Amino acid sequence: MTSCVTTPTSLLPCSPLRRISPLHPSRFLTSPFPRRCISQRGFSCHVALTSDASSSDTSEEEAEMVAKVGKKVRVKVPLKVYHVMKIPNLDLCGLEGVIKQYVGLWKGKRISANFPFKVEFFVPVDGQDKPVKVLAHLREDEFEYVE
């Protein structure tokens with residue numbers, strides 16, 4: 001006849017309601033929210049090896065957007081920018097510029113850019129002979145293409 005020897009859970013240091021105090025090892029801490037033992041805690045590290053978009057879709061989109069880089073555009077919505085120090089409260093509505101970069105794709109992968117088109121404007125300023133270069137990120141529905 002074999003007998004199983006079991007240790008009561010109240011005596012185990014990793015039991016749900018009894019933990020050893022870090023300041024006083026002879027005292028036990030009781031808590032209604034049990035902490036797991038260090039040996040029971042764990043974490044997993046997952047690495048994405050593939051993207052959601054297929055490579056053919058990404059390359060088609062990239063080719064389409066690269067074709068738009070360098071085209072002249074005009075802002076068609078009232079849009080104010082505040083990041084230009086020489087022209088505070090600059091309204092871009094009606095200004096013409098050139099698309100410099102499409103930032104929706106980075107290293108062949110799609111990223112979630114809210115304003116994916118980087119557009120460059122040259123704005124004349126009183127008292128300066130050279131216009132100020134202004135870069136702004138815009139959505140495609142905020143501008144129209146100019147031939």
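Here is a short chat about a predicted model of a protein chain.

Visitor: What should I know about numbering and cut-offs?
Guide: Residues are numbered from 1 along each chain as its sequence is written, and side-chain values use heavy atoms, with hydrogens and water left out. Since the model is predicted, local features need pLDDT of at least 70 and side-chain atom pairs count only at pLDDT 80 or more, while totals for chains, interfaces and linings use all residues.

Visitor: How many helices and strands are in the protein chain?
Guide: Helices (H or I, at least four residues) and strands (E, at least two) are DSSP runs, numbered from the N terminus. From that end, the elements run β-β-α-β-β-β-β-β-β-β-β-β. That gives 1 helix and 11 strands.

Visitor: What is the strand order in the open sheet of 5 strands?
Guide: Two strands pair if DSSP finds at least two bridges between them. Pairing in this sheet is antiparallel, and the order is S10-S9-S6-S3-S11.

Visitor: Which are the edge strands?
Guide: Look for strands that pair on one side only. Those are S10 (132–138) and S11 (143–145).

Visitor: Which residue in S9 stands opposite Ile99?
Guide: S6 (residues 96–102) and S9 (residues 117–123) run antiparallel, joined by 5 bridges. Opposite Ile99 you'll find Val119.

Visitor: What percentage of the 147 residues count as buried?
Guide: Buried means under 20% relative accessible area, with a 1.4 Å probe and protein chains only. On that cut-off, the share of the 147 residues is 24%.

Definitions and conventions. Buried means under 20% relative accessible area, exposed over 50%, partly exposed in between (1.4 Å probe, protein chains only).
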